[in-house]
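Please keep the sequence and the structure in view while going through them.

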Amino acid sequence: MQTRYLSYRLIYRLFVLMLLIPIQLQAGDIITGNAENGKAIAEKKCDRCHGPGGVSEDADTPHLAMQTSAYLLKQMQDYKSRARDDKNMYKRVRKLDDQQLADIALWYASQPLPEIDPQARKNLKTPKLVSEGDSARAITPCDICHGKDGKTVAEMVPVLAGQQVDYLISTMEYFRDGTRNNDPGGAVQAIIKKLTDVEIEAIARYYAALGGRPAE
Ligand code: HEC
Ligand code: HEC
């Protein structure tokens with residue numbers, strides 16, 4: 001029994017490591033740019049939907065405030081190359097060059113995402129899938145990559161804390177049905193494909209309720 005348990009743990013750990021490799025390979029890039037230039041573009045072209053400073057008021061439109069700049073830049077590049085296929089976002093970024101995208105990424109990453117209802121957070125229970133995963137279905141715990149507080153452990157991994165619930169649900173549904181497939185090595189799709197509707201909703205509600213950081 002003991003040896004079977006140990007070998008399972010070992011295989012599980014190797015599996016997690018395999019998932020992390022394609023992600024870490026890309027994490028070395030350092031973004032340089034000018035956040036003030038980014039701000040000027042964002043105010044003209046992006047804030048209408050994503051809200052001033054990237055704090056969105058529309059449940060289907062993601063907050064960009066407090067997201068990591070490396071993740072933001074990758075998503076914009078993916079929309080531009082259609083690796084992440086969204087007609088609307090493609091139109092917004094297709095004419096912007098890499099430097100402009102980097103400037104925008106730095107701007108939004110520097111913006112605070114307001115704390116939401118600290119009272120609601122008090123009674124918040126961490127879903128088991130987030131903290132422990134599910135070894136029976138080989139689901140890796142989300143917090144290995146997204147962080148114990150939902151605020152990520154690596155630049156290429158998005159912050160989920162405080163993100164819009166409806167956006168989190170829809171983007172997980174897209175990962176699950178393969179509509180969104182721009183994750184390195186398909187590592188995120190492989191995990192999300194195993195989640196039920198109920199699990200997706202519970203996880204989305206949990207992360208959204210964690211909130212951002214206090215506005216400065
Ligand atoms: C007409 C509304 C609209 C405008 C204008 C707009 N966006 Fe978006 N944006 C969206 C929606 C809706 C999504 C979610 C799309 C999806 O599901 O892929 C999104 C997604 C994104 C994401 C992915 C976020 C994540 O967490 O993965 C980034 C980054 C982004 N937008 C940046 C921008 C930038 C930069 C601009 C301006 C140059 C911009 N957007 C303009 C509506 C808009
Ligand atoms: C091995 C690391 C890893 C694990 C484990 C992991 N993720 Fe992720 N996740 C990522 C990376 C990397 C991305 C960004 C992919 C890309 O480049 O588009 C991501 C993206 C996401 C997004 C999209 C966020 C956005 O702003 O669009 C959601 C939602 C998400 N993950 C939820 C989860 C959930 C829920 C779990 C656990 C059941 C989980 N992830 C486990 C690495 C991981």
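1. The protein chain contains 12 helices and zero strands (helices, H or I, are DSSP runs of at least four residues and strands, E, of at least two, numbered from the N terminus). Its pattern along the sequence is α-α-α-α-α-α-α-α-α-α-α-α. This is a predicted model, in which local features need pLDDT of at least 70 and side-chain atom pairs count only at pLDDT 80 or more, while totals for chains, interfaces and linings use all residues. Residues are numbered from 1 along each chain as its sequence is written, and chains are lettered from A and ligands numbered from 1 in the order in which they are written.

2. Of the 216 residues of the protein chain, 34% count as buried (20 or more other C-beta atoms within 10 Å of the residue's own, with C-beta atoms placed from the backbone). Among contacts with a separation of 6 or more, 73% join residues 24 or more positions apart (a contact requires C-beta atoms, placed from the backbone, within 7 Å).

3. The largest nonpolar core has 44 residues, and Ala105, Tyr108 and Tyr207 have the most contacts inside it (such a core is a set of buried Ala, Val, Leu, Ile, Met, Phe, Trp, Tyr and Cys residues joined through C-beta atoms within 7 Å). Helix 6 gives the most to this core, with eight residues.

4. The axes of helix 2 (residues 35-45) and helix 6 (residues 98-109) come within 7 Å and cross at roughly 95° (axes are lines fitted to C-alpha atoms, for helices over the stretch in contact, and angles run from 0 to 180 degrees between N-to-C directions). The two helices, helix 2 and helix 6, are therefore roughly perpendicular (65 to 115 degrees). Residues making the contact include Ala35 and Gly38 of helix 2 and Leu106 and Trp107 of helix 6.

5. Leu106 lies in helix 6 and counts as buried because it has 21 C-beta neighbours inside 10 Å. Beyond its neighbours within four places in sequence, Leu106 is in contact with Ile31, Gly33, Ala35, Gly38 and Ser69. Leu106 and Gly33 are 73 residues apart in sequence, yet their C-alpha atoms are 7.2 Å apart.

6. Ligand 1 has 20 residues around it, of which Lys45, Cys46, Cys49, Asp86 and Arg92 come nearest (a residue is near if its C-beta atom, placed from the backbone, lies within 6 Å of the molecule). Helix 5 gives the most to this shell, with four residues.

Technical notes:
Angles under 35 degrees count as roughly parallel, over 145 as roughly antiparallel, 65 to 115 as roughly perpendicular and the rest as oblique. Two residues are in contact if their C-beta atoms, placed from the backbone, lie within 7 Å. A residue is buried if 20 or more other C-beta atoms lie within 10 Å of its own, exposed if 12 or fewer, and partly exposed in between; C-beta atoms are placed from the backbone.
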